[in-house]
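Hi there,

Here is the structure I promised to pass on to you. Have a look at it first, and then read on for what turned up in it.

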2 protein chains.
Amino acid sequence: MSYTPDSAVRAYIEGHRAAFLDDLVEWLRIPSVSADPGRAADVRRSADWLAAKLTETGFPTAEVWETDGAPAVYAEWPSGDEGAPTVLVYGHHDVQPAAVEDGWHTEPFEPVVKDGRLYARGAADDKGQVFFHTLGVRAHLAATGRTAPAVNLKLLIEGEEESGSAHFPDLVRAHADRLACDAVIVSDTGMWSEDTPTVCTGMRGLTDCQIDLFGPDQDIHSGSFGGAVPNPATEAARLVAALHDEDRRVAIPGFYDGVVELTDRERELFAELPFDEKQWLRTAHSHGALGESGYTTLERIWARPTAEVNGIGGGYQGPGGKTIVPSAAQLKLSFRLVAGQDGDRVQQAVRDWVTGRLPEGIRHEITFWGATRPCLTPLDHPALQSVARAMGRAFGQQVRFTREGGSGPAADLQDVLGVPVLFLGISVPSDGWHAPNEKVELDLLMKGVETAAYLWGDLAEHGRAR
Amino acid sequence: MSYTPDSAVRAYIEGHRAAFLDDLVEWLRIPSVSADPGRAADVRRSADWLAAKLTETGFPTAEVWETDGAPAVYAEWPSGDEGAPTVLVYGHHDVQPAAVEDGWHTEPFEPVVKDGRLYARGAADDKGQVFFHTLGVRAHLAATGRTAPAVNLKLLIEGEEESGSAHFPDLVRAHADRLACDAVIVSDTGMWSEDTPTVCTGMRGLTDCQIDLFGPDQDIHSGSFGGAVPNPATEAARLVAALHDEDRRVAIPGFYDGVVELTDRERELFAELPFDEKQWLRTAHSHGALGESGYTTLERIWARPTAEVNGIGGGYQGPGGKTIVPSAAQLKLSFRLVAGQDGDRVQQAVRDWVTGRLPEGIRHEITFWGATRPCLTPLDHPALQSVARAMGRAFGQQVRFTREGGSGPAADLQDVLGVPVLFLGISVPSDGWHAPNEKVELDLLMKGVETAAYLWGDLAEHGRAR
């Protein structure tokens, strides 16, 4: 691999940095809080602003796409090259709520640059990381002398990611033809740290459910009946306890069917990351690490499926005691999925497992809320190698690989469009997503611009899956 | 044993039945609802009414005893016989709330006699069963020609049993000298059925607690951290699941230490009772029977200690899902105790057991609300035999034996006074304690009078423990 930077790219970026930041600040001033109905006009203004800016950047097509919720922005810039690959960039233009009272040192929608950082709601999540693609593609053109990018470049910038992406799957399905591509680049994630640039290779999937257990038709006296009738709270707890074996492996038969195991190479690469478990525990607000035997903390979060209790309830929960056998109990369970697992199959495995475990006298109902598929791109996938190489050139060092333990709308793109999802993000954990004083490191933001500038040529040359 | 009734007793009771019922109806008209602060004056009126009636009955001493809550009534009638045993009758003069809107067919505090039943709040629980002692002792005197009972007879009729007996232990301790006795007769229970007179030989004890488990300092993201940190809801459930082994025996080490096992004779006698499990399940509002292997339903309720989950809670319990690892979880557990178990020892066993079972990163706190001791009188105890014999004479048949699965203030009397507690009750399950249309069967009520009339002579002659 070559990590040689391109002096023409760097010179172009340096020459346009001030204007780029001025534009980004203007966009960050728009409080596009999708969760706040009172900000709906601002979300629309943000979409309109972005569409206009993409037109100004040179995209021949830049449209605002309506949904039943907040509007998205779509832009398209054909390569003109015969057989050029097609790439779809995903990001979002809406932001989390923010108010000075939450602990901001400055107004969240009045961007401030201080000590090389740009502070504003959305600076990192996700306007900054969407916006680096505008200067990135211009630098790509300037350095190569092209008039159109080396790939057919498409952008889909969602408007309600921060409020649950409720209409996103429908939007993707409705426009599947225009969104068709060879790969998706998600620019809505981060990297390991300032010193350790990384590329994320996958996200976990998710399916979650509620299990209701019904025992006696009403709460009954624990003296008159206790010890002789089944107790739904006890049975709920016994289900939870049986979710994991003594090695904290999920004990539901069939749960691990098809799981793509970590390769030795991935484990080596994860192990080389400068992981400080004490620091990580502080971030987790947790006082201990615990998980599936035989795996490190990073492997557990990134590459292993889980069964987690999100909530449990039943019987008396007020002050003091109440000597009853409760009538009902409830569990909220979520299952993080990894590549190779199928949400439907996992749901069926959970249903079968519950059914077989309850005693006579306990009735149950299971409701699944849905499923988000996991996504994973193999380390040797050429498009993933292109992203890593472009990032390596920008940072002047070999990039490492991570995964993401959470689940996101990226999987909807993977599912509907049937293509690999790649991640290009330059945000770092200290950026404060969803927190007060969100910021983006300006040096890293410009590395994002530079990465984007290298990426399209590399992808056109090397990025096709064989 | 002789079950020969005494014709003089029967004649006296028959001759005074109408006046006895008129008096009871008058008392039942007083809505002495201790749980309702607006009825405090009625509770006091009920106490005053009873003290006056006991004086009229012939008790040389009849006093209203103040507590920090509702007043109790105390009465005393010395035997005059050298070496006569001393017996303390326990009951209560307060009643559960009642309103026509709850489903009563008549006004709850306007007693109505219909089809041989007296309908009113308190008819069975407990005014009727307290009041049969007044005519009982008069019949005892009339039939024997005595001017004072064959035992030193004491009555303690509490005024806040239906609202938790909060001040009862203090009251007993404060008056322990005057309450000193050889045995307590509790007339606040029932018997198996109209056709099957029974004597209760014991009650279970109780100790209950709350266990709080603390994990992360706040709810955390199940994608970013799930599967790698301990989850307090999971650990709470694992504790509950570990409470019982596969035979549904309590698995806490030391829990069964000292437990007085059922004798073969008791098991035989329980098995002879006309128990209909389907009917019992309907009463329990339960759809299945489940408990400790090797014991019948009646044995499980009456004679085996239990560990019951009264409540469990942790994490998200609202509608839909929320993908968190909860910060905390809580258990409410109650342990029913049987003779031979010690509340303090059980509490310590629970504490030790919990401490050893939680992983690093989960902190816990245990709060016990207190302990009520179990009580049990052996089948061959002479005073118990006296109660059974007196009841047998009244009913003209051999009485059988039961126990009570619940726990009650009787145990406070046993503890403070250090004497056996016996149970004499004629109420039947259909009487509707705490329910609308509470009633007492008049024929059974008069059998209660008759039993009381036989009991004092029998106890004086045979009732002392050897």
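Before the distances, one term: the domain bounds used here come from an automatic or database domain assignment. Please also keep in mind that this is a predicted model.

**Two domains in chain A**

Chain A is split into domain 1, made of 7-203 + 375-462, and domain 2, made of 205-259 + 305-372. Between the C-alpha centres of domain 1 of chain A and domain 2 of chain A there are 40 Å. Seven residues from domain 1 of chain A and five residues from domain 2 of chain A take part in their contact. Together, these two domains of chain A bury about 410 Å² between them, and carbon and sulfur atoms give 56% of that area. On the side of domain 1 of chain A, the residues that lose the most area to domain 2 of chain A are M203(A), L376(A) and S407(A), which together make up 60% of what that side buries.

The residues on the domain 1 side of chain A that touch domain 2 of chain A are three nonpolar, four polar and no charged.

**Where chain A meets chain B**

How many residues does each chain bring to the contact? Chain A gives 76 residues, and chain B gives 76 residues. The area buried between chain A and chain B is about 5700 Å², with 51% of it from carbon and sulfur atoms. R238(A), H285(A) and I312(A) supply 11% of the area that chain A buries against chain B, more than any other three residues.

The interface of chain A and chain B has four salt bridges. One pairs E235(A) with R248(B), and their closest N and O atoms are 2.7 Å apart. There are also 36 residue pairs in polar contact across the interface of chain A and chain B. Several elements of chain A give two or more residues to the side that touches chain B, among them α6 (232-242), α8 (277-284) and β11 (306-315). Of the elements of chain A, β11(A) gives the most to this side, with nine residues. Sorted by kind, the residues of chain A that touch chain B are 26 nonpolar, 35 polar and 15 charged.

Why is α6(A) described as largely enclosed by the rest of the structure? Because eleven of its eleven residues are buried.

**Salt bridges within chain A**

Over all chains, the whole structure has 56 salt bridges. In one of them, the side chains of R117(A) and E441(A) meet at 2.8 Å, N to O. R117(A) is in strand β5 of chain A and E441(A) in strand β18 of chain A, so this pair ties together parts that are 324 residues apart in sequence. With 30% relative accessibility, R117(A) counts as partly exposed, whereas E441(A), at 12%, counts as buried.

E441(A) also meets K439(A) in a salt bridge of 2.5 Å, N to O, and both K439(A) and E441(A) are buried. Through shared partners, salt bridges join R117(A), D431(A), K439(A) and E441(A) into one network.

Another salt bridge links R121(A) and E438(A), with 2.7 Å between the closest N and O atoms. Are these two residues buried or exposed? R121(A) counts as buried at 2% relative accessibility, and E438(A) counts as buried at 1%.

**One residue of chain B**

T297(B) is in helix α9 of chain B and counts as buried, at 4% relative accessibility. Beyond its neighbours within four places in sequence, T297(B) touches residues including W280(B) and, from the other chain, A228(A).

Enjoy exploring!

Terms used. Residues numbered from 1 in each chain as written. Chains lettered and ligands numbered in written order. Predicted model: local features only at pLDDT ≥ 70, side-chain atom pairs only at ≥ 80, totals over all residues. Heavy atoms only, no water. Contact = heavy atoms within 4.5 Å. Buried area = accessible area lost by both parts, 1.4 Å probe. Nonpolar A, V, L, I, M, F, W, Y, C, P; charged D, E, K, R; others polar. Polar contact = N/O pair within 3.5 Å; in protein donor to acceptor, adjacent residues only side chain to side chain. Helix = DSSP H or I, 4+ residues; strand = E, 2+ residues; numbered from the N terminus. Buried < 20%, exposed > 50% of the residue type's maximum accessible area, 1.4 Å probe, protein only.
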